[in-house]
Amino acid sequence: MQSEYKSPSAIAASGVLGYSPSYSGRLLRQEANPHRSSREARLRKAPRGMYLGVDLVPVAHQGCWMEGVDRVYSSSDKAPVWGHNLLSCGLVRYGETPYPLSLEGFPTQSMSSEVYPYRTPGEALWEIVEVIRKNGYSLAGVVFDNQFAGKAHLAKLYGQDVPFVARARLNQKVEFEQQLLSIRALGEEYPPGKVRYYKRFGWYVKRLQITLAEVGPLDMLLIWLPHKEGFKLMALFSTLDRGIQEVLAAWKARWDLERVHRLLKQNLGLSKCLARSFAAQLKHADLAIAALHHIRQQKKQCPGLSWRAAQHKAAEILQSQLLTGLSILAA
């Protein structure tokens, strides 16, 4: 509770106290990178031995007057939108509730600055892995999409013995049985009718031993997913020392993190902050994650509570703590 008490902006932003928008904005922008201390605190309470899931989250904003706003691609809109890109990291395991850790700034190259430097997705991924390992957390592995899967960063994970599952680009070439082939071409050699069906996931899967230039020997899973009237191909690189179903489970667990992103946007106001400073936007994003953890805590204590009832209960507790703290300061 300490971080919320230090920054009563959580309550100000939700309208519990009668602060003006400008005053709320000043409170929200006090820290340039609020996710750092929050992530460390959440790691100390996190379930052990989970996978790290990393993703990019576009947050649309109507208004170019906000700092850091640029054209960012939104997969849900299937088009670029005005807004911020946030880098999301969370702990995931198949069949369990994802544990979000942080949302941090991920500016485009044109909007980078000394405080918020531009990084490639692969550089950002490696930074997060290093931070989590320095905090003493033992990862089962790292799971990420193809925009993070540059060869240099796959090689770095490979060289540091960090297990990973990464989606591959289908036009990428790999060495298989002494031939250099695109993954798409390999998929044509192993169509759904020639590979094993995994009922647990509803996917057709073939595991191959391949070599990726600049990285080394890897497992590669060719996966045929049901799509419209047929199937579409997806491929995963993996260094997990596990069976096929464990690799598939790790990948599916990463999708659960995307459901958390929808919840943050649709229910907890992630995209509703109108503060102009980028620091305030980042604090608002961090508070949305804090709110999610508080609500889950209420539901854990009272499993019969509806989501909305748990929201109200968490808000009442935070309001009471804030008012108690303010009364102590005033005494």
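User: Why are α4 and α9 called roughly parallel to each other?

Analyst: In this predicted model, the axes of helix α4 (residues 35–45) and helix α9 (residues 278–301) come within 10 Å and cross at roughly 20°. Angles under 35 degrees count as roughly parallel, and α4 and α9 are therefore described in that way. The crossing of α4 and α9 is left-handed.

User: Which residues of α4 and α9 meet?

Analyst: From α4, the residues H35, S38 and R42 take part, and they meet D286, I289, A290 and H293 in α9.

User: What makes E177 count as exposed?

Analyst: Its relative accessible area is 61%, and exposed means over 50%, so E177 is classed as exposed. E177 lies in the loop between β7 (173–176) and β8 (179–182), and its phi is near 50°, a positive value in a residue other than glycine.

User: How do you know whether Q178 is buried or exposed?

Analyst: The cut-off for exposed is again over 50%, and because Q178 has 77% relative accessibility, Q178 counts as exposed. Q178 lies in the loop between β7 and β8, with a phi near 65°, which is a positive value in a residue other than glycine.

User: Which residues have the most contacts inside the largest nonpolar core?

Analyst: They are L52, L91, F144 and F237, in a core that has 49 residues. Helix α5 (residues 121–134) provides the largest share of this core, six residues.

Methods: Residues are numbered from 1 along each chain as its sequence is written. This is a predicted model: local features need pLDDT of at least 70, side-chain atom pairs count only at pLDDT 80 or more; totals for chains, interfaces and linings use all residues. Side-chain values use heavy atoms; hydrogens and water are left out. Axes are lines fitted to C-alpha atoms, for helices over the stretch in contact, and angles run from 0 to 180 degrees between N-to-C directions. Helices (H or I, at least four residues) and strands (E, at least two) are DSSP runs, numbered from the N terminus. Angles under 35 degrees count as roughly parallel, over 145 as roughly antiparallel, 65 to 115 as roughly perpendicular and the rest as oblique. A crossing is left-handed if the near helix is turned anticlockwise from the far one by less than a right angle, and right-handed if clockwise. Contact means heavy atoms within 4.5 Å. A nonpolar core is a set of buried Ala, Val, Leu, Ile, Met, Phe, Trp, Tyr and Cys residues joined through side-chain atoms within 4.5 Å. Buried means under 20% relative accessible area, exposed over 50%, partly exposed in between (1.4 Å probe, protein chains only).
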